[in-house]
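Please study the sequence and the structure shown below before reading on.

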Amino acid sequence: MAKKTVSRAETKEEITGSNNNHSKERLIESYKSVRELSGALAEPLEIEDCVIQSMPDVSPTKWHLAHTSWFFETFVLSEAIKDYKSPSPQYAYLFNSYYVQAGERHFRPKRGLISRPTVEETYNYRNFVDEHMIRFMEDADDKEWKEYAPVIEIGTHHEQQHQELIVTDIKHVFSENPLHPRYISEKPVNGSDKAHTPPPAEWIAFEEGIYSIGHEGKGFGYDNEFPLHKVFLNPFLLQSRLITNREYMEFMKDGGYETPELWLSEGWATVETNNWNAPFYWELRDGEWTQFTLSGMRKVSPHEPVCHLSYFEADAYARWAGARLPTEAEWEIAAGDLPIEGNFVGDRNFHPAPLNEKGGKDSLQQMYGDVWEWTQSAYSSYPGFKTLPGALGEYNGKFMCNQFVLRGGSCATSKSHIRKTYRNFFPPDARWQFTGLRLAKDSS
């Protein structure tokens, strides 16, 4: 289990591509609040819940809590503090994810077999890292702060990504339990209430033109959001809201899962191989569709945004509806200066909510939160993209193959983590995330 030397970026511009001025007080408070939220998300869980890996793409909660601590230990403490000693050198092997340059790694599909360290020891590890991190941040001189503040900032955003995975992964874990345990009690909101019936979807028009997309450099951004660059867009239409369960059930009733001409070849093969006939977590009981939620099993609400769709399903629905998925450039231009408002993890719904605002003409709704929106854009680099030096260069760039971009965040995303330039990405058959869709069309 040899550990290689970790090469970090030398300047803050190389970490994020931005020109951030990192306030020490603000970043320390951000670090503390992010770390506290991870603990809060794990708080409803029993020890037994924290160690299960229900499929290779899911990691145990305990592993997420340890890995995010490993990140700060590896990229900050081990580099910045002379003679720093980890509570266990073996943690570097157990809790590295995919950073090849940071050393050898435990096999991902076997994370659920790591019974030791215990959950208690994992929390002790987190506390140990927090004590050293806070002491380092408070005592860092100007030179140290300039060097490590960008790494700390990316570490807090990295942990926010894993907070989302804590939510989505435990949902999958609980769904595999025949008892269908609840993560939280359902809030007293009746999704079938007429007051929550969403307005008819409108088509919002956007003009042809040359636009700039990508991160402008103010505030945090991942390397894959850079650089700012020009794109040409033909005129297009974007639907004013997300597709609902009721609308998706019409696709199902019309034989959407039995009509091969609606599907991409690989998508149809996936449908046949896995016997898909509904979104993930849906189950037909006594002739009625139910779904597993983090509040347990319940009837599918027709007015909620449909979620847990693969790219293949979103694409097939769009084709059935006589439309298409938007490109990520179209989505970003449409988002424009819209405020980042929506149903996020801080609202503690842990489920998409019905649109209860009246949508008006030329008004886009639900652009942020609720569900990640599939785009038709393959995940690839922007013109002029450069991989970061060192192990942090493995963060995004090496995944630019066989994946599609999603935009907007979900009910498991932190509001402070999302922005219009944020590029999420998953393989086209992935369904365990809160993923849904919004339709687009070419403008005639």
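In which sense, left-handed or right-handed, does α3 pass α5 in their crossing? The crossing of α3 past α5 is left-handed. The model discussed here is predicted, and the points below are grouped by topic.

**Two packed helices**

- Two packed helices are described by the distance between their axes and the angle between those axes.
- For helix α3 (residues 61–80) and helix α5 (residues 119–139), the axes come within 9 Å and cross at roughly 30°.
- On the α3 side, the residues making this contact include Leu-65, Trp-70, Phe-72 and Val-76; on the α5 side, they include Tyr-123, Val-129, Met-133 and Phe-136.
- Sorted by class, the contact of α3 with α5 has 13 nonpolar residues, four polar residues and three charged residues.

**The pair β1 and β4**

- Strands of a sheet pair through backbone hydrogen bonds, in either a parallel or an antiparallel manner.
- Strand β1 (residues 203–206) and strand β4 (residues 236–239) run antiparallel and are joined by four bridges.
- Within this pair, Trp-203 stands opposite Gln-239 of β4.

**The three-stranded sheet**

- Three strands form an open sheet in the order β5-β6-β7, and their pairing is antiparallel.
- From one strand to the next, the twist averages 35°.
- Strand β6 (residues 288–293) is joined to β7 by four bridges, and the two run antiparallel.
- Gln-291 has Arg-298 in β7 as its bridge partner.

**Trp-282, a residue of β5**

- Trp-282 lies in strand β5 (residues 282–285).
- Trp-282 has a relative accessible area of 10%; buried means under 20%, and therefore Trp-282 counts as buried.
- Among the residues that Trp-282 touches, leaving aside those up to four places away in sequence, are Asn-245, Met-249, Met-252, Trp-289 and Gln-291.
- Trp-282 and Arg-298 are 16 residues apart along the chain, and their C-alpha atoms are separated by 9.7 Å.

**The four-stranded sheet**

- An open sheet of four strands has the order β12-β11-β10-β13, and its pairing is mixed.
- At its edges stand β12 (424–426) and β13 (435–436); each has a single partner strand, so one side of each has no neighbour in the sheet.
- Strand β10 (residues 372–378) pairs with strand β11 (residues 404–407) in the antiparallel sense, over three bridges.
- Glu-373 has Arg-407 in β11 as its bridge partner.
- Helix α10 (residues 328–335) lies across β10 and β11, and runs at about 15° to β11.

**Gln-366, a residue of a loop**

- Gln-366 is placed in the loop between β8 (342–343) and β9 (368–369).
- Is Gln-366 buried or exposed? Gln-366 is buried, with a relative accessible area of 11%.
- A polar atom of the Gln-366 side chain lies 3.2 Å from the backbone nitrogen of Leu-242.
- Leaving aside residues up to four places away in sequence, Gln-366 touches several residues, including Arg-241, Leu-242, Pro-305, Glu-373 and Arg-438.

Terms used
Residues numbered from 1 in each chain as written. Predicted model: local features only at pLDDT ≥ 70, side-chain atom pairs only at ≥ 80, totals over all residues. Heavy atoms only, no water. Axes fitted to C-alpha atoms, helices over the stretch in contact; angles between N-to-C directions. Left-handed = near helix turned anticlockwise from the far one by under 90°. Contact = heavy atoms within 4.5 Å. Nonpolar A, V, L, I, M, F, W, Y, C, P; charged D, E, K, R; others polar. Buried < 20%, exposed > 50% of the residue type's maximum accessible area, 1.4 Å probe, protein only. Polar contact = N/O pair within 3.5 Å; in protein donor to acceptor, adjacent residues only side chain to side chain. Pairing = 2+ DSSP bridges.
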